Amino acid sequence: MTRPPFVPEDPQAAVPAAPIDAPVDPLFLSAPRVSTFHGPQPLTNASGFFFEREGRLYLVTSRHVVIDDVSQHFPDRLEIELHIDGTNLTRSTGFSIPLYDNGQAVWRQGLDSGGDIDVAVVEIDRSALPEATVIRAFTPAHLQTAFNEVVPGQSLLVVGFPLGFHDGLHHLPVLRQAVVASPYGIRFQGHGYFLTDARTHRGTSGAAVVMRDLGAPTDGSAILPWKLLGVHSARMDMGNRDLVLDESLGLNCAWYADILLTLTEAREAAVEQAVVAAPPAPDVVTVSDQAATTAPVNTLTATGKGSPS
């Protein structure tokens with residue numbers, strides 16, 4: 001079964017991408033290294049990726065990267081590394097993204113009947129970016145919309161910074177191989193994620209989970225020929241596992257990436273329909289009880305019948 005057909009947005013709304021002359025797949029330029037800070041104090045390293053919609057640019061990462069009550073993790077800004085030369089990838093600069101504005105959180109996160117969705121988006125002020133910034137961003141056209149095209153054991157890639165490890169000279173992420181480990185399109189245990197089988201580490205939170213787009217290139221996908229399936233969140237394990245006798249499961253949860261259609265709705269629509277938490281919590285939007293929203297993309301509060309059968 002497939003999701004309702006996606007209606008492409010006005011291609012004229014997209015911002016032209018800076019040229020890349022370096023011999024590198026554009027996938028590597030879609031995922032900046034993410035560092036969290038509280039004031040000048042560095043806290044953690046994480047992963048993330050760029051998402052563009054109607055000319056607006058967002059950084060996507062895990063919600064627990066921007067706030068985590070359990071571990072008492074409360075950064076007030078993120079810093080990402082940007083390439084500023086499409087020929088010489090050793091040239092980069094740091095770019096700071098505040099998480100609060102006058103005490104109000106600026107990121108957006110999701111909520112459904114399964115609870116909090118471990119995905120957060122922060123809009124990036126394009127006017128503040130260096131003029132020569134070289135990035136590649138996923139768009140709604142990159143979302144995987146056909147469940148039956150993702151077969152059991154489908155080969156995937158996780159694009160991130162495990163334990164902060166990366167090509168420090170060229171400022172590029174590394175790839176980990178993964179396979180789909182639960183039926184794609186089904187909410188595993190009622191939550192809005194599917195499972196992957198991959199070797200992952202701390203620092204991979206917020207990484208894009210992708211597969212190669214083998215279809216005919218379109219205006220939206222030609223510049224970044226990959227399909228975006230999910231957002232890597234965390235490793236899965238059994239609470240009763242014998243740490244001496246039993247290996248870890250090696251399974252991970254990846255939140256379905258179409259939550260980004262809800263989280264990147266225009267701010268005006270979000271104000272009207274979002275469920276807003278008390279300050280200083282971020283905007284919280286409600287999505288449907290299924291892996292993909294079935295309401296039109298301009299509807300924040302979606303309705304649905306649950307996972308497709």
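These legends accompany close-up views of a predicted model.

**View 1. The largest nonpolar core.** This core holds 27 residues. Those with the most contacts inside it are F49, V60, V119, F138, V210, L228 and L260. Two or more residues come from each of β3 (49-53), β10 (115-124), β11, β13, β14 (208-212), β15, β16 (251-256) and α2 (259-263). Helix α2 gives the most, with 4 residues. A second, separate core has 22 residues, including L78, I97, A120 and V122.

**View 2. L260 and its contacts.** L260 is among the residues with the most contacts inside the largest nonpolar core. Neighbours within four places in sequence are left aside here. L260 then touches F49, F51, R53, V60, V119, V121 and L228. Of these partners, F49, V60, V119 and L228 are also listed among the residues with the most contacts inside the core.

**View 3. L261 in helix α2.** L261 belongs to helix α2. Its relative accessibility is 8%, so L261 counts as buried; the cut-off for buried is under 20%. Which residue, 121 places from L261 in sequence, lies 7.1 Å from it, C-alpha to C-alpha? That residue is P140.

View 4. Strand β9 covers residues 108-112, and R108 is found in it. Is R108 buried or exposed? R108 is buried, because its relative accessibility is 4%. The R108 side chain reaches a backbone oxygen at 2.9 Å. That oxygen belongs to L263. Helix α2 spans 259-263, so L263 falls within the range of that helix by the DSSP runs used here.

**View 5. The second largest pocket.** Elements that give two or more residues to the lining are β2 (41-46), α1 (63-66) and β15 (226-236). Strand β15 gives the most, with 4 residues. How many lining residues are nonpolar, polar and charged? The lining divides into 4 nonpolar, 12 polar and 3 charged residues.

**View 6. H232 in strand β15.** H232 lies in strand β15. Which residues does H232 contact, leaving aside neighbours within four places in sequence? They are S62, V158, T200, T204, S205, G206, A207, V209, N252, C253 and A254.

**View 7. Two loop residues with positive phi.** Most residues other than glycine have a negative phi. L163 has a positive value, near 55 degrees. This leucine sits in the loop between β11 (155-160) and β12 (174-180). L163 counts as exposed because its relative accessible area is 54%; the cut-off for exposed is over 50%. Q189 also has a positive phi near 55 degrees. Where is Q189 placed? Q189 is in the loop between β12 and β13 (193-198). Is Q189 buried or exposed? At 65% relative accessibility, Q189 is exposed.

Notes. Residues are numbered from 1 along each chain as its sequence is written. This is a predicted model: local features need pLDDT of at least 70, side-chain atom pairs count only at pLDDT 80 or more; totals for chains, interfaces and linings use all residues. Side-chain values use heavy atoms; hydrogens and water are left out. Buried means under 20% relative accessible area, exposed over 50%, partly exposed in between (1.4 Å probe, protein chains only). A polar contact is a pair of N or O atoms within 3.5 Å; within protein, one must be able to donate a hydrogen and the other to accept it, and residues adjacent in sequence count only if both atoms are side-chain atoms. Ala, Val, Leu, Ile, Met, Phe, Trp, Tyr, Cys and Pro count as nonpolar, Asp, Glu, Lys and Arg as charged, and the others, Gly among them, as polar. A nonpolar core is a set of buried Ala, Val, Leu, Ile, Met, Phe, Trp, Tyr and Cys residues joined through side-chain atoms within 4.5 Å. Contact means heavy atoms within 4.5 Å.
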